[in-house]
Amino acid sequence: MTTSRPRVRIDARRCDRCGRCLAACPRNAIRIGRTFIAVDPLACDGCMACVKVCQSGALSAVGPAGTGAASPTRRPSAQAPRSVAHHPSSTPRARSSAGRARASHEGWTALEALAMLGVTLAAFVGKEALLALQPVRSLPTGSLVLVRAVVLGAYYAVQLGAVRWLAARRGRTLADLLRSGDRSLKDRAATAGLAALVLIGSRAAAMAYGLVMRSAGLVPDSSALLTTFGSQAAGLVLAAVLVVFVGPLVEELVFRGVLLQGMASQFNASIAIVVQALIFAALHRSVWLFLPMAVLGGALGWLAHKRGGLRAPVAVHAAYNAITVAAAFALSG
Ligand code: SF4
Ligand code: SF4
């Protein structure tokens, strides 16, 4: 399935990096470095403003309906990439140039998303296999909590390493990936407003779901956190570090970053949001948690898609988890 919007085709060889398209793009969807130019398929709304201002013929419109937006004088290149042109050997200078560029999406490809998914699934299977070992399960509670925390930390470290490696291939850093696309106070206010909406909405949905489940007699696994980390102070510290800080950072880079953007480069953005949310929910390995996690993953995906950048999704995810951790430990007495 392809997107219903026209897409921008780039012939990077013709681009003289004049920056007109950057200034014309209302969605901050274009990123230009010294050796590459890319359009983020998630942020791009197909308005074709960039195509109209490009005087070098580097940009043209492809896809349904809106193709008329392209200048008839443009000469599409047979060698041009579909929607993202990127030179993997970007220089440090290109990196800093890209860092200053307004777009915050990386324009991850479907292949990169597939590789990231493979690493994530392998790490997940490894984590579950380790924790299922009888010698591990028979450890005393204190040691078991520590082992669980170490294994969970390793799970996140593997994913973070994979994202870092993918970013390094593009001459980017993890900080670059998190950079916000907001440039004005108005942009930041809009992002903060939507982030608050997502946090309140997803928490309210989770609360309503919990109430319905309890009233139906389907006792939810509400003590999953306590089961993993115990109810002692050390468990609270471990949960705060791993669940409130590390987890949201890594999961946003992976799910709302590489997976969402990579899938959206091939499919409709809505489908990409739903699919990454379902995978995100499934990896929380709880039937009871699946629905609220899918809602959270979808809402975070929508936020990332709507506003660009991962800072807001990381902040919302961290706040969501902080409320969960605080409630679990408070209720444990
Ligand atoms: S307007 Fe055209 S030539 Fe100028 S930076 Fe954009 S793509 Fe390159
Ligand atoms: S078509 Fe996309 S990249 Fe070009 S100006 Fe419009 S939103 Fe920006």
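The model is predicted, and its secondary structure comes to 13 helices and four strands. Of the 333 residues in the protein, 49% count as buried, and among the contacts between residues at least 6 apart in sequence, 77% join residues that are at least 24 apart.

**Surroundings of ligand 1**

- Ligand 1 is surrounded by 13 residues, and the closest of these are C15, D16, C18, C21 and C54.
- When the shell around ligand 1 is divided by class, eight of its residues are nonpolar, two are polar and three are charged.

**Surroundings of ligand 2**

- The second largest cavity is where ligand 2 sits, and 14 residues surround this ligand, with C25, C44, C47, M48 and C50 as the closest.
- The shell around ligand 2 is made up, by class, of 11 nonpolar residues, one polar residue and two charged residues.
- Although M48 is not a glycine, its phi is positive, at about 70°.
- M48 counts as buried because its relative accessibility is 1%, and the cut-off for that class is under 20% relative accessible area.

- The buried residues of α4 are E112, A113, M116, T120, A123, F124, K127 and E128, and what covers them includes α6 (141-169) and α10 (233-264).
- An α-helix has 3.6 residues a turn, so residues three or four places apart point the same way.
- V119 also lies in helix α4, but this residue is partly exposed because its relative accessible area is 27%, a value in between the cut-offs of under 20% for buried and over 50% for exposed.
- Leaving aside residues up to four places away in sequence, V119 touches V158 and A162.
- V119 and Y155 are 36 residues apart in sequence, while their C-alpha atoms are 10.0 Å apart in space.

- The buried residues of α11 are A269, A272, I273, Q276, A277, I279, F280 and A281, and they pack against α4, α10, α12 (287-307) and α13 (311-331).
- R285 lies in the loop between α11 and α12, and its phi is near 45°, a positive value in a residue other than glycine.
- R285 counts as exposed because its relative accessibility is 54%, where the class requires over 50%.

- Not counting residues up to four places away in sequence, R137 touches L131, A132 and L144.
- R137 and R148 are 11 residues apart along the chain, and a distance of 9.9 Å separates their C-alpha atoms.
- D176 lies in helix α7, residues 174-178, and counts as buried because its relative accessibility is 7%.
- Between D176 and G309 there are 133 residues of separation in sequence, whereas the C-alpha to C-alpha distance in space is 9.7 Å.

Conventions: Residues numbered from 1 in each chain as written. Chains lettered and ligands numbered in written order. Predicted model: local features only at pLDDT ≥ 70, side-chain atom pairs only at ≥ 80, totals over all residues. Heavy atoms only, no water. Near = heavy atom within 4 Å. 1 Å grid on protein atoms, 1.4 Å probe; cavity = no way out; pocket = protein on both sides within 12 Å on 5 of 7 lines; lining within 4 Å. Sits in = over half its atoms within 2 Å of the grid points. Nonpolar A, V, L, I, M, F, W, Y, C, P; charged D, E, K, R; others polar. Buried < 20%, exposed > 50% of the residue type's maximum accessible area, 1.4 Å probe, protein only. Helix = DSSP H or I, 4+ residues; strand = E, 2+ residues; numbered from the N terminus. Contact = heavy atoms within 4.5 Å.
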